[in-house]
Amino acid sequence: MINVVKADQAKFDVRREISEIFAEGFTQWLGFFSKNPKKIAAAFSHMFALDQFYVALYKGKVIGMASCTDGTSLSVKLDTKELRKHLGFYKGSLAGIFLKKEFESPFVNPSPGVGSIEFVGTAAEFRGQGIASQMIRHILEHTPYEAYLIEEVADTNIPAMKLYSKLGFEEYKRRQIPMKRAKKIGINYLISLKYSK
């Protein structure tokens, strides 16, 4: 039996397990800072605003995560000191600079009634079992927004694109990755999706 709850209402501190899922799911983005997922998990476990996250629990273990904000609140907040402690001074400082821009930018013009779904991830051994679907459905049913945005899904992330399409999300924007970077990270476009109730 899988149970989806707000992360700040779980009966135990879910930060470390959320961070492990994050490290597994976002390796292609974070590989520069470390190739070691355990090190990445330790470095980033401080950043999650638990009141913005939902977790899927199974037998007392976090097996999925997703956040939903109003577009003005941040779901993550990076602490450069914490990043340096785990990644070293140089890479920790770079992570603080570059990822702050990437992770901590609220919408330019947030609209009332629009929610932002972010950081959707499932533990590796539970992928393909409908966990992400269940979490997103839970968010759609238990939050007050009329429309939901999912910003910047990699065009090469076929499982995610299929999932969002199946749930009724439609593409409304795509941003091309510069050719040189695209070759390096294996992504051509970042696609933005929208769902309306």
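**Overall shape**

The model is predicted. Eight helices and seven strands make up the secondary structure of the protein chain. The radius of gyration is 16 Å, close to the 16 Å that the globule rule gives for 197 residues, so the chain is as compact as a globular protein of that length. Along the principal axes, the C-alpha atoms fill a box of roughly 45 × 45 × 30 Å.

Of the 197 residues, 48% are buried. Contacts were also sorted by sequence separation. Among those with a separation of 6 or more, 71% join residues 24 or more positions apart.

**Surface and charge**

The chain carries 29 positive and 20 negative side chains. The centres of these two sets lie 7 Å apart.

**Aromatic pairs**

The count of aromatic pairs comes to 13. One of them joins Phe103 and Phe119. Their ring centres are 5.4 Å apart and their planes meet at 80°; edge-to-face needs over 60 degrees, so this pair is edge-to-face. The pair links distant parts of the chain. Phe103 sits in helix α5 (residues 89-103), and Phe119 sits in strand β4 (residues 114-122), 16 residues apart. Both Phe103 and Phe119 are buried.

Tyr164 and Phe169 form another edge-to-face pair. Here the centres are 6.0 Å apart, with 65° between the planes. Tyr164 is buried, at 6% relative accessibility. Phe169 is buried too, at 4%.

Phe103 and Phe119 also belong to an aromatic cluster. Its members are Phe22, Phe44, Phe48, Phe53, Phe103 and Phe119.

**Residues with positive phi**

Most residues other than glycine have a negative phi. Two residues here have a positive one. Phi of Lys59 is near 50°. Lys59 lies in the loop between β2 (53-58) and β3 (61-69). Its relative accessibility is 73%, so Lys59 counts as exposed.

Phi of Glu152 is near 55°. Glu152 belongs to strand β5 (residues 147-154). With a relative accessible area of 33%, Glu152 is partly exposed.

Pro159 is part of helix α7 (residues 158-166). Its relative accessible area is 62%, so Pro159 is exposed. Pro159 and Arg127 are 32 residues apart in sequence, and their C-alpha atoms are 9.6 Å apart in space.

Pro178 occupies the loop between β6 (170-176) and α8 (179-185). At 54% relative accessibility, Pro178 also counts as exposed. Pro178 and Glu20 are 158 residues apart along the chain, and 29 Å separates their C-alpha atoms.

Thr143 is in the loop between α6 (131-142) and β5. Buried means under 20% relative accessible area. Thr143 has 10% relative accessibility, so it counts as buried. Leaving aside residues up to four places away in sequence, Thr143 touches Tyr54, Cys68, Tyr148 and Lys197.

Leu193 is placed in strand β7 (residues 189-196). Its relative accessibility is 3%, so Leu193 is buried. The C-alpha atoms of Leu193 and Ser165 are 8.9 Å apart in space, while the two residues are 28 residues apart in sequence.

Which residues does Leu193 touch, not counting residues up to four places away in sequence? Among them are Tyr148, Leu149, Ile150 and Val153. Met161 is also touched by Leu193, as are Glu170, Glu171 and Tyr172. Both members of the second aromatic pair described above, Tyr164 and Phe169, are touched by Leu193 as well. Tyr148 is touched by Leu193 and by Thr143.

**Accessibility at a glance**

The table gathers the values for the residues discussed.

| Residue | Relative accessibility | Class |
|---|---|---|
| Lys59 | 73% | exposed |
| Pro159 | 62% | exposed |
| Pro178 | 54% | exposed |
| Glu152 | 33% | partly exposed |
| Thr143 | 10% | buried |
| Tyr164 | 6% | buried |
| Phe169 | 4% | buried |
| Leu193 | 3% | buried |

Definitions and conventions:
Residues numbered from 1 in each chain as written. Predicted model: local features only at pLDDT ≥ 70, side-chain atom pairs only at ≥ 80, totals over all residues. Heavy atoms only, no water. Helix = DSSP H or I, 4+ residues; strand = E, 2+ residues; numbered from the N terminus. Rg over C-alpha atoms; globule rule 2.2 N^0.38 Å. Buried < 20%, exposed > 50% of the residue type's maximum accessible area, 1.4 Å probe, protein only. Contact = heavy atoms within 4.5 Å. Lys, Arg positive; Asp, Glu negative; His and termini not counted. Charge placed at Lys NZ, Arg CZ, Asp CG, Glu CD. Phe/Tyr/Trp six-rings, centres within 6.5 Å; stacked < 30°, edge-to-face > 60°.
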